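We will go from stop to stop, and at each one you will hear what to select and what to look for.

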Number of protein chains: 4
Amino acid sequence: MQFASDNAGPVHPKIMEALAAANEGWAIGYGNDPLTERAIQRIRDAFEAPDAGVYLTATGTACNSILLATMAKPYEIIFCTPEAHIVEDECNAPEFYTGGAKLSLIASRDGRIDPGALDAEMAKRGAWGVQGPQPGAVSITNVTERGTLYTTDYIREISDITHRHGSKLHLDGARFANACAALACTPAEMTWKAGVDAVSFGGTKNGCMGVEAAVIFDPATAWDFELRRKRGGHLFSKHRYLSAQMDAYLTDDLWLDLGRSANTAAGKLASALKQCRDVTFRWEPQANMMFVDMPRSIHRRLKNAGAVYYVWEGTLDGDPSGTATARLVTDWSCPDRAIDDFVRLVSGD
Amino acid sequence: MQFASDNAGPVHPKIMEALAAANEGWAIGYGNDPLTERAIQRIRDAFEAPDAGVYLTATGTACNSILLATMAKPYEIIFCTPEAHIVEDECNAPEFYTGGAKLSLIASRDGRIDPGALDAEMAKRGAWGVQGPQPGAVSITNVTERGTLYTTDYIREISDITHRHGSKLHLDGARFANACAALACTPAEMTWKAGVDAVSFGGTKNGCMGVEAAVIFDPATAWDFELRRKRGGHLFSKHRYLSAQMDAYLTDDLWLDLGRSANTAAGKLASALKQCRDVTFRWEPQANMMFVDMPRSIHRRLKNAGAVYYVWEGTLDGDPSGTATARLVTDWSCPDRAIDDFVRLVSGD
Amino acid sequence: MQFASDNAGPVHPKIMEALAAANEGWAIGYGNDPLTERAIQRIRDAFEAPDAGVYLTATGTACNSILLATMAKPYEIIFCTPEAHIVEDECNAPEFYTGGAKLSLIASRDGRIDPGALDAEMAKRGAWGVQGPQPGAVSITNVTERGTLYTTDYIREISDITHRHGSKLHLDGARFANACAALACTPAEMTWKAGVDAVSFGGTKNGCMGVEAAVIFDPATAWDFELRRKRGGHLFSKHRYLSAQMDAYLTDDLWLDLGRSANTAAGKLASALKQCRDVTFRWEPQANMMFVDMPRSIHRRLKNAGAVYYVWEGTLDGDPSGTATARLVTDWSCPDRAIDDFVRLVSGD
Amino acid sequence: MQFASDNAGPVHPKIMEALAAANEGWAIGYGNDPLTERAIQRIRDAFEAPDAGVYLTATGTACNSILLATMAKPYEIIFCTPEAHIVEDECNAPEFYTGGAKLSLIASRDGRIDPGALDAEMAKRGAWGVQGPQPGAVSITNVTERGTLYTTDYIREISDITHRHGSKLHLDGARFANACAALACTPAEMTWKAGVDAVSFGGTKNGCMGVEAAVIFDPATAWDFELRRKRGGHLFSKHRYLSAQMDAYLTDDLWLDLGRSANTAAGKLASALKQCRDVTFRWEPQANMMFVDMPRSIHRRLKNAGAVYYVWEGTLDGDPSGTATARLVTDWSCPDRAIDDFVRLVSGD
């Protein structure tokens, strides 16, 4: 009953096989090997973006932060939601990589940035003059940190606002596959066709060992990314082992299958929990993550039985009838039995 | 005939097996898993340093730069040699992570920092006052970037100077195993017993996929390292896959065996080359790397036959009797046959 | 009718005289001159802090940002209000000087930080672990950016929260004199006696040409400040011209007299405006700054007559009966006649 | 007998008068006042550069560092001499403002950068690939830190090399006036006509209180400078007091007259010292600064008589016949009598 995070599951066997296969003989380092070339090509194909700059990093924080550093100057602002991963969970990495740009928090609707509030704030900052930081970039996350989704139309609305104010739009796609699967859209439709300028295309949370691809649709900033990656210590010498993961991940739509599996598990879990008494959903789950309010008595039953998940809000101490919020995340490896066991404990049967 | 770098060879089978074995079921992320705990313990044991702060990163640049950031303030100086990896091959990562500390270059003896010059420069900077940057840290590399070795006595001499000026000593141990094997000393003898304050203990160049350990002998700065690692995007979510490598690397002295193998191959290569006409060694090779001057005619013969190595100085264009310098590096996987073939081409037999 | 800012008025004659008097002969640079020593001593006396580290800078942004850099690490958070000068008007200087610390915005009461919200947020961040930035410092401004005041009790409440969470408290005293005069307290009472760890003691907005003093009550971080000041390009070579200003400013309580004059002018203006129809105060003015809502028709009358002030919210375009907010600031040089003329235009007499 | 530095003398009376004259009534802050406009126009006129971006800062370190930050990216190199002010005397400010660019030291000829060595190093770094930092900018100082001069032809040679490698050339003109006076060239001839891209035009060392002008010949980077200046805390609110200095400095060629006076004093001092026994010049002085080797016995006689100057190399302790090096600097205010007294003490008459 592991619902703590989609980064706690194992690496998919096909990725492991690819790593083993890549381990033959000698390969020149730093990404100048044929396997890296092939992986990059696969990404360009998947995104229908033959000219895109594509670079691999091993962590999502690196991928997000280095991309943002190519999009916003140190005296500029990156607009995002208060719950964005880049705000909450990257220990000031975006500020570090950009040289001190400011993250300005815009009200969110269920995890999705409020277009009107974004537009107003960008206008205000753009008119502020030299005293204040200038608009630099906008960053959104899909699947959002609340388990909800931006539709491609929603993304287009955000990108229009962003570009109107002379800024660029970044998409944190740590759960890109889950979003694509849930929206039934193509990578291109969710990104450059909707006005996204650069995307962090995640692998780690979806069956890889540790690899994310920065996909930069305007190749003019690609060299800037490459040097910033190296400067951040994120250029792998034995680069083939990042590439092998991404190569396998993109073969025969493995990435999409794994995202779909995680979503299916979440859907099953959500459906069952909705039947349980005393369980309330904070937001309607749309992909592989959900937030549910439950009485402490249920939480304690779950924890005692070994269920693993984060208590997102509230504590388990105190009156048993008081509630606390669980964050539940599924990944491709989530067994049906874990879901069944979990639901049985919640329902108290 | 691959002598380009010790990061171009494959991952050792035992490391691959450890990765496969670690891929069972679920593990909480970010280093809070039992395998990470075990790997850290193994490192503390190997260094006879039960209280050391130990953190894993995937690249040596990250390990070096984050350590330096815990040792030198932004308005301070890190003293090192002109050929140091942190100067030449990290694209300003140390400056980035320290927030702008200066690398001050001290003359080297065959890759080893000159103690007298170091002492004089630290004294000068320490007396400079607020106008100039202050002494902050000293960084040395063993095996050096010239393939030579610091003895433990030499390290002690450097650490005495360093500490006398109120600074800390960092050891870049990208080739730590090769140095330990060649010096026939223990990790403790090469580090804290000789006055080293923190070391980058390398795995990547010696059979791992991508893992280095920061070993901090003064645990007071450990939490600072941990937060800077996260801020740099170098805290792996699926951390067990870094730990598995390090765990296997330290099991049954695999690390030392691999370092020894690489040194043996280099020794064999050097001995044979010394028999060849027109081959001159720039520095006496002491571990697994050497720099040899050879006529262009020999270089061309080698390159035509598919030998892979860096031309370190000079070019292959021009008069065939003119010389150029080859950098030759061996790793644990270097087959005897590659050495034999290479030497045969050099000798022209 | 100049109410745009207290940095738009002239330098007080006594400050100018002091500059002229300092311009005799030769003086060693960089603050090693006797006049600097005397100015520093005057500040220590005024703050009853004989051991305080005291450094002069020419701008408030420099003074604030360098102080914050000595109080918060790059992976930490500085808590402040959304309207803080360090957020709105320093173009990411605090992020720059700290190396990328995050400003976290806490709800304000009329410009004053909400103690409960601060406590809750500091607790949350302190428990977040390595993923998120850690609590580092708290910064408050007195007089606040809304023209209101923290009482010394209020400051004590904030410093208790701050220290309980292991952080340090910074006071932006760009209008320190106005606050002291309005609160009828001593500098010590408003700062270290209330738990403030370091203060930016402003001179520029109160009759000086351009000088602010960083007063650091814990001398352990003083040398860190000094080197960061130099590194920021804020150590003046001809330092006596900063010191002369501060020396005169602190002679015979000139600083307090000027702050009192500015407050008196503001009080007179506020009293008169309260008699006017259609004028509403956003916050009760307590020192030398006020925000008033007035119909556009009044704004236009004022602007046509040459009144100078910032329209803080709203625009002057549109329906004459619609309102917009004026920010009105007085300084020591504000003539009674400017107030009378302004009020006459507002009242429409 | 004050020869310590040209920043230790007083402010010229005309500058003081200009400050007093500027202190009339009210002026909008942050450089939007008419006096600032006029000062900027005077600088553009003096440089025959009607489109240049011109910004004032109060210190040379700020002016140099912010300019360099607009010219070199964080992963790039700034090439300069080992004795450059930006290396020795700015406490890592260039590294701070650029976000961690590296200063690479090129051998100097008497303080002047060696063109061949510069060319070779830029070529090497440009070919290094992503591993190493890239060529970014070149910075030279005129008058050099050794008291020598770059001719306009020499500057052209450097700018040709710089541009050929895709970089930009910065001129640190802390002693711009002394150089112009000594070379008998116009500001335009010494800068953009010789290929300089941006210059720090100094006032502080030449009779001003504290003001330097950044002159950017390519206006495309001007807005970047302006925001970086604000972010560094170097945008003065009461900006008119910087502008007043620069305005007076450029009126009726005051700047040039003062530079010429300082040079004349130095010439007189040098001529007389050349007649003295046991005095050796390290470099032929060309403007207002010289380095002379003298026996310790002479140094002691000077110091005992109250002469003030820096002992640049060596110490005054030890054998009286041993030598130490004095750095002697004159400014516009240097009285003939100080020179006479100094020379008399040296000659022992």
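Is B:Ala101 buried or exposed? Select B:Ala101 to begin: this residue is buried, with a relative accessible area of 1% (buried means under 20% relative accessible area, exposed over 50%, partly exposed in between, with a 1.4 Å probe and protein chains only).

Before moving on, some ground rules: this is a predicted model, in which local features need pLDDT of at least 70 and side-chain atom pairs count only at pLDDT 80 or more, while totals for chains, interfaces and linings use all residues. Residues are numbered from 1 along each chain as its sequence is written, chains are lettered from A and ligands numbered from 1 in the order in which they are written, and side-chain values use heavy atoms, with hydrogens and water left out.

**Stop 1: around B:Ala101**

Stay with B:Ala101, which sits in the loop between α5 (93-98) and β3 (102-105) of chain B. Helices (H or I, at least four residues) and strands (E, at least two) are DSSP runs, numbered from the N terminus. Now show the contacts of B:Ala101, leaving aside neighbours within four places in sequence: in its own chain they are B:Lys73, B:Pro74, B:Glu76, B:Ile78 and B:Glu95, and from chain D come D:Asn92 and D:Glu95 (contact means heavy atoms within 4.5 Å).

**Stop 2: charged pairs**

Side chains of opposite charge can pair when their charged atoms come close. Over all chains, the structure holds 82 salt bridges (a side-chain nitrogen of Lys or Arg within 4 Å of a carboxyl oxygen of Asp or Glu). Let us visit a few.

Select A:Glu313 and A:Arg282, whose side chains meet in a salt bridge at 3.5 Å, N to O. This pair links distant parts of the chain, 31 residues apart: A:Glu313 is in strand β12 (residues 310-313) of chain A, and A:Arg282 is in the loop between β10 (280-281) and β11 (289-295). A:Glu313 is partly exposed at 43% relative accessible area, and A:Arg282 is partly exposed at 31%.

Next, select B:Asp336 and B:Lys268, a salt bridge whose closest N and O atoms are 3.6 Å apart. B:Asp336 lies in helix α14 (residues 336-347) of chain B and B:Lys268 in helix α12 (residues 254-274) of chain B, so the pair ties together parts that are 68 residues apart in sequence. B:Asp336 is partly exposed, with a relative accessible area of 47%, and B:Lys268 is partly exposed too, at 34%.

In chain C, pick C:Glu48 and C:Lys193, another salt bridge, with closest N and O atoms 3.5 Å apart. Here the linked parts are 145 residues apart: C:Glu48 is in the loop between α2 (34-46) and β1 (53-57), and C:Lys193 is in the loop between α9 (187-190) and β8 (198-202) of chain C.

Back in chain A, select A:Arg38, A:Arg42 and A:Asp247 together to see a network of salt bridges.

**Stop 3: helices side by side**

Two packed helices are described by the angle between their axes and the distance between the axes. Axes are lines fitted to C-alpha atoms, for helices over the stretch in contact, and angles run from 0 to 180 degrees between N-to-C directions.

Select α13 (residues 296-304) and α14 (residues 336-347) of chain A: their axes come within 9 Å and cross at roughly 140 degrees. That makes α13(A) oblique to α14(A) (angles under 35 degrees count as roughly parallel, over 145 as roughly antiparallel, 65 to 115 as roughly perpendicular and the rest as oblique). On the α13(A) side, show A:Ile298, A:Arg301 and A:Leu302, which meet A:Phe342, A:Leu345, A:Val346 and A:Ser347 in α14(A).

Then move to chain D and select α12 (residues 254-274) and α14 (residues 336-347), whose axes come within 10 Å and cross at roughly 20 degrees. These two helices are therefore roughly parallel to each other. Among the residues making the contact are D:Leu269 of α12(D) and D:Phe342 of α14(D).

**Stop 4: the copies**

The same surface serves both copies, since 100% of the contact residues of chain A recur in chain D.
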